[in-house]
Structures are given as structure tokens and as C-alpha cells.
Amino acid sequence: MEFTDKVNEFTKKVSDKANDLIEMGKLTAKIHGETADVDALKKKIGEVCFGKYRSGDPLDPEVEKLCAAIEKHKRNIAENERKRERLRKSDPKTVDPAANGVCPYCGEKIAKNGKFCPHCGEKMGE
Ligand SMILES: [Zn+2]
């Protein structure tokens, strides 16, 4: 093989390799996108099942058990939110919890004296 042929062949190999890398990147992005779609659909399935559970539709016993667990957690959340609200109202230091620049509901940083948390949407203390 002539030297120039060898150089051309080498150049072609390098360019093929680069194209392969680009193609691999595109495929990885597609895989990630579709994996995210699958996760979103699984969540949607969960929401549909939980809706059916709430309206008393018969479900697979395993699904019913999981829905019951969700309800238990929701009750705990509600109870803890009530407890936190009571503490917030009884503690004079936290009359305006937003004043320290942290949302008392989600813990995110917020603008001082803002009326609502931009992260969780909770109304700040009057
Ligand atoms: Zn918040």
C-alpha cells in the first residue's frame, strides 16, 4: 500500500471513530429521554391507581397495600404540618418565619418579607 493510501485510510478511521462517538452520544441522549418517559409513565400509573383506590374501585391487593401506605404517609404529613403550624404560632420568635430568609415549609431560601414561597407556594406569616 502506498504511503498516501495509508494516510488516507488512517484519516478515514479517525473520522469514522469521531462519527461513532457522535452517534453514541445521540443514542445515550435518546436512552436517557426514553428512560425518563418510562419513569414519568410509571408515576402516572401510580396516580391513576391511587385515584381508583380513593374512589373505592377494587384493585390488585398488592396495589391496595401500596395505596394504603401512601394514605398513611399523607396522614403523617398532615399531622406534622399541623404540629409545625402550632409551633410556628406559639413561638414569638417565629412570628414572621420568612424574616430569616428561609421558607419554614420547604426550607428553601426565599426573599425576606416575601408573601409567598416561590418554591412550594406556601403563604408566609402575616
Ligand atoms: Zn417553601
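Which residue takes a positive phi just after H1? I looked this up in what is a predicted model, and found that Gly56 does, with a phi of about 80°.

Entry on H1. I followed this helix over residues 3-54 and noted that its 52 residues reach 76 Å from the first C-alpha to the last, close to the 76 Å expected at 1.5 Å a residue. I then looked up how well H1 is covered, and the answer is hardly, since the count of buried residues among its 52 residues is zero.

Entry on H2. I checked residues 61-90 in the same manner: the 30 residues of H2 should span 44 Å at 1.5 Å a residue, and the end C-alpha atoms are 44 Å apart, which agrees.

Entry on the packing. How do H1 and H2 lie relative to each other, roughly parallel or roughly perpendicular? I find that they pack at an angle of about 85°, with their axes 10 Å apart; because angles of 65 to 115 degrees count as roughly perpendicular, H1 and H2 are placed in that class. On the H1 side the contact is made by Cys49, Phe50 and Tyr53, and on the H2 side by Val63, Glu64, Cys67 and Ile70. Sorting this contact by class, I noted six nonpolar residues, no polar ones and one charged.

Entry on domains. The domain assignment gives domain 1 as 53-90 and domain 2 as 95-126, and I noted that the C-alpha centres of domain 1 and domain 2 lie 25 Å apart.

Methods
Residues are numbered from 1 along each chain as its sequence is written. This is a predicted model: local features need pLDDT of at least 70, side-chain atom pairs count only at pLDDT 80 or more; totals for chains, interfaces and linings use all residues. Domain bounds come from an automatic or database domain assignment. Helices (H or I, at least four residues) and strands (E, at least two) are DSSP runs, numbered from the N terminus. The expected span of a helix is 1.5 Å times one less than its number of residues. A residue is buried if 20 or more other C-beta atoms lie within 10 Å of its own, exposed if 12 or fewer, and partly exposed in between; C-beta atoms are placed from the backbone. Axes are lines fitted to C-alpha atoms, for helices over the stretch in contact, and angles run from 0 to 180 degrees between N-to-C directions. Angles under 35 degrees count as roughly parallel, over 145 as roughly antiparallel, 65 to 115 as roughly perpendicular and the rest as oblique. Two residues are in contact if their C-beta atoms, placed from the backbone, lie within 7 Å. Ala, Val, Leu, Ile, Met, Phe, Trp, Tyr, Cys and Pro count as nonpolar, Asp, Glu, Lys and Arg as charged, and the others, Gly among them, as polar.
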